Amino acid sequence: MGYKSGFVAIIGRPNVGKSTLLNAMIGQKIAIMSKRAQTTRNRIRGVRTTDSSQTIFIDTPGIHTPHHRLGEYMVEIATQTLQEVDLVLFVVDATTGLHPAEREIVKQFEAVRTPIFLVLNKVDAVEKPILLEHIETYQNIHAFDEYVPISALKHDQTETLAKLIEDRLPEGPKFYPDEMVTDYPEQFIIAEIVREKVLQLTQEEVPHAVMVEVEQMERRNQDTLYVHAVIYTERDSQKGILIGKQGQMLKRVGELARKELEALLGSKIYLELWVKVKKDWRNRPTLLRQFGFNNE
């Protein structure tokens, strides 16, 4: 009696800190983070369980103007999520204020009956008078249910946000065991960590034409998990950049990913990476389905 549970969507334009907020809410990393926009391509479900509630967070891709079929898919699942949850967190960048693209996002709220919190992220980097001006601007375009300034990166006011969320959740059961923090399989987490390292190391040289697929994963003894993964790109030139001179770039990607995965999964990892080209895969429905991009 009195236990609360529910689903909470984290939405917003790209690069405002949605994945950082998800990780802060869960208490550990399950969503990859990058300075590059549109990092998140799937709805990543993270679970926060306490003695009084269980919150299932859904981190959606940033709502943006799509330029390929993958981009259209990302926007479709982000907008669809608004109709499927108990609460929406609309995350914005407090350092920049209202962005023109956010006006288009807010228009979609008119048809949504779900409670919506405006979460102003990165407040550690903005002066209070400017922050108050930004809040007033957002108030003028929509009557949000709560206005919550936070710094997800520094965990500033994230517990306050968590309490406000719990207050809004309906009574319900635990959907997941206490120890579970995500319902995605290990293969998905491994692929995302590898992709994150590619984004971090290649900077602007390789755009988001990168997809990672774990083709084989098996435990060969009690201490070591063997992983064979393929990094797909769209052009031969991107493949060359990812491999690097004498294979040094690919080696560095593997080293960084392996260290993080060993800490995350609590096991030794033998990570074997290959790079292959799938030309224009982001516009090919068959390949998008193969890589798991669908609305189910």
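These legends describe close-up views of one predicted protein model. Local features need pLDDT of at least 70, side-chain atom pairs count only at pLDDT 80 or more, and totals for chains, interfaces and linings use all residues. Residues are numbered from 1 along each chain as its sequence is written, and side-chain values use heavy atoms, with hydrogens and water left out.

View 1. Helices (H or I, at least four residues) and strands (E, at least two) are DSSP runs, numbered from the N terminus. Of the 296 residues, 51% count as buried. Buried means under 20% relative accessible area, exposed means over 50%, and partly exposed lies in between (1.4 Å probe, protein chains only). The accessible surface comes to about 14200 Å², and 48% of it belongs to carbon and sulfur atoms. These areas come from the Shrake-Rupley method with a 1.4 Å probe; for residues, only the protein chains shown count as cover.

**View 2. Three strands form an open sheet in the order S7-S8-S9.** The pairing is mixed. Two strands pair if DSSP finds at least two bridges between them. Strands S7 (211-219) and S9 (268-277) are the edges, and each pairs on one side only. Neighbouring strands are turned by 20 degrees against each other on average, direction ignored. Axes are lines fitted to C-alpha atoms, for helices over the stretch in contact, and angles run from 0 to 180 degrees between N-to-C directions.

**View 3. S7 and S8 form a hairpin.** There are 4 residues between the two strands. S7 and S8 (residues 224-233) pair in the antiparallel sense over 8 bridges. Look for Glu213 opposite Val230 in S8. Met217 stands opposite Val227 in S8.

**View 4. S8 and S9 run parallel.** Here 10 bridges join the strands. One to find is His228, whose bridge partner in S9 is Glu272. S8 is mostly covered, with 9 of its 10 residues buried.

View 5. Contact means heavy atoms within 4.5 Å.

**View 6. The largest nonpolar core has 25 residues.** A nonpolar core is a set of buried Ala, Val, Leu, Ile, Met, Phe, Trp, Tyr and Cys residues joined through side-chain atoms within 4.5 Å. H6, S7, S8, H8 and S9 each supply at least two residues of this core. The largest share, 7 residues, comes from H6. Ile231 is among the residues with the most contacts inside the core. Leaving aside neighbours within four places in sequence, Ile231 is in contact with residues including Val194, Val212, Leu250 and Leu273. In soluble globular proteins, nonpolar side chains tend to be buried together.

**View 7. His155 and Gln246 have positive phi values.** Most residues other than glycine have a negative phi. Phi of His155 is near 60 degrees. His155 sits in the loop between strand S6 (146-149) and helix H5 (158-168). At 46% relative accessibility, His155 counts as partly exposed. Phi of Gln246 is near 55 degrees. Gln246 lies in the loop between helix H7 (236-243) and H8. Gln246 is exposed, with a relative accessible area of 73%.
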